[in-house]
Amino acid sequence: MNRYEGNFNEQVRETVNALSDEIAEIKKFQQNCERDKDVALAMQLNEKMMTHATNYTNLILVAGYAGFFGFWSTIVSRLPQWVYAISGLLALVSLLVFVSWEITKMVLSYRRLNGNNETIKQIKRGDRPLLMLEAAMNVHSMRMNKLWKWFLIPTVTTGVSAALLLLGTFVCQVWQSMF
């Protein structure tokens, strides 16, 4: 084997190895792209499920408030004044806390979306935009969940107290009318 064949074989080997490395890098990039698409799809699915859950919860709450205030207004003449006033006040506090939560959630989510837009504008090629946005969204969700407890407890406590007060009064009056 002469000197030129050795050089040629070495150059071919180096070229093949370089191409093999680039092909492996392209495969890795393709896998990352597929994973990013899967993550984006999972995020969209999760967001859709959260939206449906929130809409359902809001529908149930609105129906509960409507039912309470409808029942409350029809039995006003049969209620002692103090029961009427306290149950109405409790239900109104519950409603106001719930509406306050919805407004707070709206404002904080709007601010978070603006922050996400700023993050998107600053992303450079090669960064992991989905991971960055997902991390920001997870932090936001954790903060919202912690904050929600401070609204949930008074909303449920005052709403259920109002309903139980009406129910108790109604049961007492039915019991008294029977005996």
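This is a predicted model: local features need pLDDT of at least 70, side-chain atom pairs count only at pLDDT 80 or more; totals for chains, interfaces and linings use all residues.
The secondary structure of the chain consists of three helices and zero strands, and reading along the sequence gives the pattern α-α-α. Two of these helices return below: helix H2 covers residues 81-122 and helix H3 covers residues 129-178. Of the 179 residues, 15% count as buried. The chain exposes about 13,800 Å², and carbon and sulfur atoms supply 65% of that area.

Next come the aromatic rings. Ring centres within 6.5 Å of each other make a pair, and by this rule there are nine aromatic pairs. One of them joins phenylalanine 68 and phenylalanine 69, whose ring centres are 5.3 Å apart. Their planes meet at 80 degrees, and an angle over 60 counts as edge-to-face, so this pair is edge-to-face. The two residues fall into separate classes of accessibility. Phenylalanine 68 has a relative accessible area of 12%, and because buried means under 20%, this residue is buried. Phenylalanine 69 has a relative accessibility of 22%, which lies between 20% and 50%, so this residue counts as partly exposed.

A second pair brings together tryptophan 101 and phenylalanine 151, with 5.2 Å from centre to centre and 50 degrees between the planes, an arrangement classed as tilted. Here the partners come from distant parts of the chain: tryptophan 101 belongs to helix H2 and phenylalanine 151 to helix H3, 50 residues apart. Both tryptophan 101 and phenylalanine 151 are buried.

Where does threonine 158 sit? Threonine 158 is found in helix H3. Its relative accessibility is 14%, which is under the 20% limit, so threonine 158 counts as buried. The side chain of threonine 158 reaches the backbone oxygen of threonine 155 at a distance of 3.4 Å. Which residues does threonine 158 contact once its neighbours within four places in sequence are left aside? These partners are Leu90, Ala91, Val93 and Ser94.

Key. Residues are numbered from 1 along each chain as its sequence is written. Side-chain values use heavy atoms; hydrogens and water are left out. Rings of Phe, Tyr and Trp (its six-membered ring) pair if their centres lie within 6.5 Å; planes under 30 degrees apart count as stacked, over 60 as edge-to-face and the rest as tilted. Buried means under 20% relative accessible area, exposed over 50%, partly exposed in between (1.4 Å probe, protein chains only). Helices (H or I, at least four residues) and strands (E, at least two) are DSSP runs, numbered from the N terminus. Accessible areas come from the Shrake-Rupley method with a 1.4 Å probe; for residues, only the protein chains shown count as cover. A polar contact is a pair of N or O atoms within 3.5 Å; within protein, one must be able to donate a hydrogen and the other to accept it, and residues adjacent in sequence count only if both atoms are side-chain atoms. Contact means heavy atoms within 4.5 Å.
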